[in-house]
Amino acid sequence: MGGTEHLTVQREGATLVLTLNRPEAKNALSLPMLVGLYDGWVEADADDAIRSIILTGAGGAFCAGMDLKALAGKGMEGQQYRDRLKADPDLHWKAMLRHHRPRKPVISAVEGHCVAGGTEILQGTDIRVAGESATFGLFEVKRGLFPIGGSTVRLQRQIPRTHALEMLLTGRAYSAREAAGIGLIGHVVPDGTALEKALAIAGQINACGPLAVEAVKASVYETAEMSESDGLAAELKRGWPVFDTADAKEGSRAFAERRPPVYRRQ
C-alpha cells in the first residue's frame, strides 16, 4: 500500500480507506496529499480484491480546501513530489476526482470542515456520509476566486439548480442537515461515527457481485446526460454481459441455496 506524509492508506477487508492526514491545517490540500490521493485511486482500480473505497479526514476534519499559501505562489510542502507533478500536469485534477473516476464505489465519510476544495472533491464521490456538526460550502467567490474543481458543472447536476447557484454565488456555509436537505449528502450521523457508517455501507457493497457493482456504477455515470432512449440502449450494452459471468451464476445459485454468495470476479 502507498500513502504519503499527508495521506494514509489502510485496508479494512475489501475496502481501501484513504485518510487526508494534515489535521493541523484542517487537511488543506498539499502536494503530498494530492499525490497520495491519486496513487490511492490507482491502487484501488488495479487491485481486484478491493471492492470499495472510503475517503475521510484525520483530526475531526475532512478538507478545508486548497492550501492558499501555495495558491499565492509561496510554495507547497513536499518538494520531493514536484517531479510527479511535472511528469503528469493533470495529476492534481485526477487526485481531486475532476479528471478521474475510480471504477470502484467511493464513499466519503465527513467530519468537521468540508469546504471549498473539500466540497469539490465530495462531488466526485458516489455515496456521502457526514457527522452532524460537519460544515460544507464553496467559499471561493468570497475570496475573489473561482471553484475550478468542477463545481459549476457538477453541482447543478447533483442538486437542484437553485440550491447549486445559491451555494456557488453566496459562498456561505451549510450545516450537515441543510446539505442533506438539498441532496448534497445522503446520511447525517452522530459526530465521530461517519467512518463507522461508511464502513457499514461499504460492507453491504462488498457483499454484492463486484462485476455487477462496477457495471452499475459505470452505467449510471455513462447515461447521466443521455436521452432516455440512448441511455436505455447504453444500459443494455453495459448490463447484458454481466448475466453471462460466473459471478451472476454464483449469485443465482447462492440465492436458491439460501447461502452467502462467493464472488470471484469471473
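Guide: A charge is said to sit over a ring if NZ of Lys or CZ of Arg is within 6 Å of the ring centre and within 35 degrees of the ring normal. By this rule, R101 lies over the face of Y221, at 3.9 Å from the ring centre. The charged end of R98 likewise sits over the ring of W93, 5.0 Å from its centre. The model is a predicted one, in which local features need pLDDT of at least 70 and side-chain atom pairs count only at pLDDT 80 or more, while totals for chains, interfaces and linings use all residues. Residues are numbered from 1 along each chain as its sequence is written, and side-chain values use heavy atoms, with hydrogens and water left out.

Helices (H or I, at least four residues) and strands (E, at least two) are DSSP runs, numbered from the N terminus. Two strands pair if DSSP finds at least two bridges between them. Strands of a sheet pair through backbone hydrogen bonds, either parallel or antiparallel. Here six strands form an open sheet in the order β1-β2-β3-β4-β6-β9, and the pairing is mixed. The edges are taken by β1 and β9 (187–189); each has a single partner strand, so one side of each is left without a neighbour in the sheet. From one strand to the next, the twist averages 20°. For such angles, axes are lines fitted to C-alpha atoms, for helices over the stretch in contact, and the angles run from 0 to 180 degrees between N-to-C directions.

Strand β1 (residues 7–12) runs antiparallel to strand β2 (residues 15–20), and six bridges join them. Within this pair, Q10 stands opposite V17. The hairpin of β1 and β2 has two residues between the strands, and G13 there takes a positive phi near 65°.

A14 is also in the loop between β1 and β2. With a relative accessible area of 18%, A14 is buried; buried means under 20% relative accessible area, exposed over 50%, and partly exposed in between (1.4 Å probe, protein chains only). Leaving aside residues up to four places away in sequence, A14 touches A49, I50, R51, S52 and N206, where contact means heavy atoms within 4.5 Å. A14 and I53 lie 39 residues apart in sequence, yet their C-alpha atoms are 8.7 Å apart in space.

The next strand in the order is β3. Six bridges join β2 to β3, and these two strands run parallel. T19 stands opposite T56 in β3. How many of the residues of β3 are buried? Six of its six residues are buried, and β3 is mostly covered. Both faces are covered, with S52, I54 and T56 buried on one side and I53, L55 and G57 buried on the other.

Most residues other than glycine have a negative phi, and most peptide bonds are trans. K26, however, has a positive phi of about 50° although it is not a glycine. K26 is partly exposed, at a relative accessible area of 40%. N27 belongs to the loop between β2 and α1 as well. The phi of N27 is near 60°, again a positive value in a residue other than glycine. N27 counts as buried at 0% relative accessibility.

For context, the model also has an open sheet of three strands, in the order β5-β7-β8, with mixed pairing. Its edge strands are β5 (113–115) and β8 (174–175), each of which pairs on one side only. Strand β7 (residues 135–137) runs antiparallel to β8, with two bridges between them. There F136 stands opposite Y174.
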